Amino acid sequence: MAAATVTRLHPDKDHELHHIHDSRIPVIGVGEGSWPSLVQHLQQLTDLSQETVQIRLKGTRKYGVAFEGWGRRGRDFIHHFTPQQVSYAYHLSADVMSELLQESTRARHIDAQVLNISSVDGGAHVEFEDRAPERYDLVFDARGFPGELDPDRHIHIPFIPTDTAVIRRGPAVVKAEQDVPVLEHTYTRAVARPHGWIFVIPLTVHTSYGYIFNREVSGLADVESDFDAFLQTDGVTEFEQRAVIPFPNFVHRQMYDGAVARIGNAAAFMEPLEATAIVSAQFQIGMVLQIRLNRPVENLEHDALVVNRFLVSNMLCYGLFVGWHYSCGSGYDSAFWRHARDAAWPQYRKAADPDVTGCGALHKFDAMIELLNQPVIKQADWSRMCAVPLTSYAQMSEGLGC
């Protein structure tokens, strides 16, 4: 996505763009949900119609997230994109996403392992395995999660109570005709379970399933057993076991320094409950390029500080929104949900304190919750945002029984 966006936005066609990837790293097939902003973005990057993009991505139209068994009421509800039943995103196949974008990328593709990226005077220095180092004006670092969290470099998000995903694939549940986009309204299902929750993402070629849990609270064998029971109840008799993925919930304190821009899972990660991964990358790439390509170079040092502070705050706001989903528990009175509600979520004020994070995300989140508690919300506040709009907070508050 970064390479395709540089190709489209860079005004100087004489620049040299390198797209560096390691073909030994497989595509796992996660991150297959998105937000409505991706629909127009992919159309712009590829110059293809939305219908063609959807077909190429083997995708369906996602109109929101269907929550099953969440909150104090333990009932089902939908977090709709707005305008409701009009705005949609994609459920997309991660296997073909990069292929589609590569067609729109004017770059030299380098298959190599990157060992280190460092900022140097006037740019960035990249070291490779079995290849001479290179110097670049700007590097997008999309190498994924850090090996371990360092308090000096990362903001830990302990108020999100999950840290592991079991990924499976089953048969497609959506019927599709060849070369015809599926117009059916589909939703990502987020199903509360005793050990966490399960996502269900319907594509035209398969259905993605993931059990999200906390490995310190629940054993893998118990999770796998409950996963089997869920799939059996859902009528899925055959599936492919894809991966077991441990993950951190975190925000990097320095996403952008003027020469190196960390994006995607290298910049921040929150469990996939609200599909924040792709939209975060869109935001990070777009903001960095707009600043680099449209501002005088003498402003670079100051601009980098401002952009980094904004990105850190915005990513932490996503984290607070996701963690808040657990604050009212679920229909299950299990060890996981007691931990999520009573132990994990109460840590949010300490973990997001401005003195700890260096940003005002907590103040923005508090302001949104205060708005929700008012008997009448003034029209002037309807457009308020804390990473996501007030309409999302209102839908989730009502659905969870907050």
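Helices and strands in this tour are DSSP runs, numbered from the N terminus. The model is a predicted one.

**Stop 1: the loop with the cis peptide**

Select Pro-83, which is found in the loop between strand S3 (75-80) and strand S4 (89-91). The peptide bond that leads from Thr-82 into Pro-83 is cis, with omega near 0 degrees.

**Stop 2: two residues with positive phi**

Move to Lys-58, in the loop between helix H3 (50-56) and strand S2 (60-70). Although Lys-58 is not a glycine, its phi is positive, at about 55 degrees. Lys-58 is partly exposed, with a relative accessible area of 33%.

Then select Ala-275, in the loop between S18 and helix H6 (276-294). Ala-275 is a residue other than glycine, and its phi is positive, near 50 degrees. At 13% relative accessibility, Ala-275 counts as buried.

**Stop 3: the sheet S6-S7-S8**

Display residues 114-120, strand S6, and 131-136, strand S8. Together with S7 they form an open sheet of three strands in the order S6-S7-S8, with antiparallel pairing. S6 and S8 stand at the edges with a single partner strand each, so one side of each is left without a neighbour in the sheet. Neighbouring strands here are turned by 15 degrees against each other on average, direction ignored.

Now look at S6 and strand S7 (residues 123-128), which run antiparallel and are joined by six bridges. S6 and S7 form a hairpin with two residues between them. In the turn, select Gly-122, which has a positive phi of about 80 degrees.

**Stop 4**

Select Thr-188, which belongs to strand S12 (residues 185-193). Is this residue, Thr-188, buried or exposed? Thr-188 counts as buried, at 8% relative accessibility. Leaving aside residues up to four places away in sequence, Thr-188 touches Lys-62, Gly-64, Val-65, Ala-66, His-91, Val-200 and Ile-201.

**Stop 5**

Between strand S16 (residues 250-252) and S18, the antiparallel pairing extends over two bridges. Select Val-251 to find Ala-268 of S18 opposite.

**Stop 4: the nonpolar cores**

The largest nonpolar core has 76 residues, of which Trp-70, Phe-140, Phe-159, Val-251, Met-270 and Leu-316 touch the most other members. H7 gives the most to this core, with twelve residues. In soluble globular proteins, nonpolar side chains tend to be buried together.

For a close view, centre on Phe-140. Not counting residues up to four places away in sequence, Phe-140 touches Ala-2, Val-6, Ala-261, Ile-263, Ile-285, Val-288 and Leu-289. A second, separate core of 18 residues includes Val-39, Val-53, Leu-57 and Tyr-187.

**Stop 7**

Select helix H11 (residues 361-372), whose end C-alpha atoms are 17 Å apart. This agrees with the 16 Å that its twelve residues should span at 1.5 Å a residue. The buried residues of H11 are Ala-361, Leu-362, Phe-365, Met-368 and Leu-371. Among the elements that cover them are helix H7 (300-324), helix H10 (354-357) and helix H12 (390-400).

Continue to Lys-378, in the loop between H11 and S19. Lys-378 is exposed, with a relative accessible area of 60%. A distance drawn from Lys-378 to Val-182, C-alpha to C-alpha, is 39 Å, and the two are 196 residues apart in sequence.

**Stop 5: the cysteines**

How many disulfides does the structure hold? The structure holds zero disulfides. Select Cys-317, a buried residue with a relative accessible area of 1%. The closest cysteine sulfur to that of Cys-317 is in Cys-386, 3.5 Å away, which is too far for a bond, because a disulfide requires sulfur atoms within 2.5 Å. Cys-359 is also buried, with a relative accessible area of 7%. Its sulfur is 6.9 Å from the closest cysteine sulfur, in Cys-317, and this too is too far for a bond.

Definitions and conventions
Residues numbered from 1 in each chain as written. Predicted model: local features only at pLDDT ≥ 70, side-chain atom pairs only at ≥ 80, totals over all residues. Heavy atoms only, no water. Buried < 20%, exposed > 50% of the residue type's maximum accessible area, 1.4 Å probe, protein only. Helix = DSSP H or I, 4+ residues; strand = E, 2+ residues; numbered from the N terminus. Contact = heavy atoms within 4.5 Å. Expected span 1.5 Å × (residues − 1). Core = buried A, V, L, I, M, F, W, Y, C linked by side-chain atoms within 4.5 Å. Pairing = 2+ DSSP bridges. Axes fitted to C-alpha atoms, helices over the stretch in contact; angles between N-to-C directions.
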